[in-house]
Amino acid sequence: MARILIVDDSPTEVKKISSILEKHQHEVLSADNGADGVAKARAESPDLVLMDVVMPGLNGFQATRQLTRAPETASIPVVIVTTKDQETDRVWGTRQGAKGYLVKPVNEDELIKTINSLIA
């Protein structure tokens, strides 16, 4: 069982992803914006972060960069989960330090496979 932090400003998305994660015995934490997500990752040290991109204030790319560049959170894999499906977005996400990139609506098998490959 892993502790997974979902950072997303959509309560519907958080609920949808949480139910998938809980079904697979993962513990779910959540934050509804990038700044809170960074703060919660620092405070809670989750095993993995699922990061939305389009959020008010600090966006997902900026939050990912902060997490992957800070020594205390650099070891936590970040997977971007977004509606942005352009190759440039994927490249940019990877450049910010993301270890994975999933497009909404998230496919359950793909989500679990990605998480398992990063926390195994």
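Over residues 3-119, the chain is 47% helix and 20% strand, where helices (H or I, at least four residues) and strands (E, at least two) are DSSP runs numbered from the N terminus. The end C-alpha atoms of this segment are 10 Å apart. UniProt lists residues 3-119 as "domain: Response regulatory" in an unreviewed entry; its positions are given in the numbering used here, feature names are shortened, and annotations may be inferred rather than shown by experiment. The model is predicted, with local features requiring pLDDT of at least 70 and side-chain atom pairs counting only at pLDDT 80 or more, whereas totals for chains, interfaces and linings use all residues. Residues are numbered from 1 along each chain as its sequence is written, and side-chain values use heavy atoms, with hydrogens and water left out.

The chain contains 5 helices and 5 strands, arranged from the N terminus in the order β-α-β-α-β-α-β-α-β-α. Along the principal axes, the C-alpha atoms fill a box of roughly 30 × 30 × 25 Å. Of the 120 residues, 48% are buried, that is, under 20% relative accessible area, with exposed meaning over 50% and partly exposed in between (1.4 Å probe, protein chains only). Contacts are defined by heavy atoms within 4.5 Å; among those between residues at least 6 apart in sequence, 62% join residues at least 24 apart.

Nonpolar cores were defined as sets of buried Ala, Val, Leu, Ile, Met, Phe, Trp, Tyr and Cys residues joined through side-chain atoms within 4.5 Å. The largest such core has 16 residues, of which Ile-4, Ile-17, Leu-21, Leu-50, Val-81 and Leu-111 touch the most other members. Two or more residues each are given to this core by β1 (3-7), α1 (11-23), β3, β4 (78-82) and α5 (108-119), and α1 gives the most, with 4 residues. Another core, of 14 residues, lies apart from the largest one and includes Val-38, Val-49, Met-55 and Ala-63.

In helix α2 (residues 34-44), the buried residues are Gly-34, Gly-37, Val-38 and Ala-41. These lie on the same side of α2, because they cover an arc of only 100° around the axis, the arc being that of the directions from the helix axis to the C-beta atoms. The elements covering them include β1, β2 (27-31), β3 and α3.

Asp-52, at which UniProt places "modified residue: 4-aspartylphosphate" (unreviewed entry), lies in the loop between β3 (48-51) and α3 (60-69). Asp-52 is buried, with a relative accessible area of 5%. Leaving aside neighbours within four places in sequence, Asp-52 is in contact with Val-7, Asp-8, Asp-9, Gly-60, Val-81, Thr-82 and Lys-104. With residues up to four places away again not counted, the contacts of Val-81 include Asp-52 and Lys-104, together with Ile-17, Leu-50 and Leu-102.

Gln-96 touches Phe-61, Thr-64, Arg-65, Thr-68 and Arg-69, not counting residues up to four places away in sequence.
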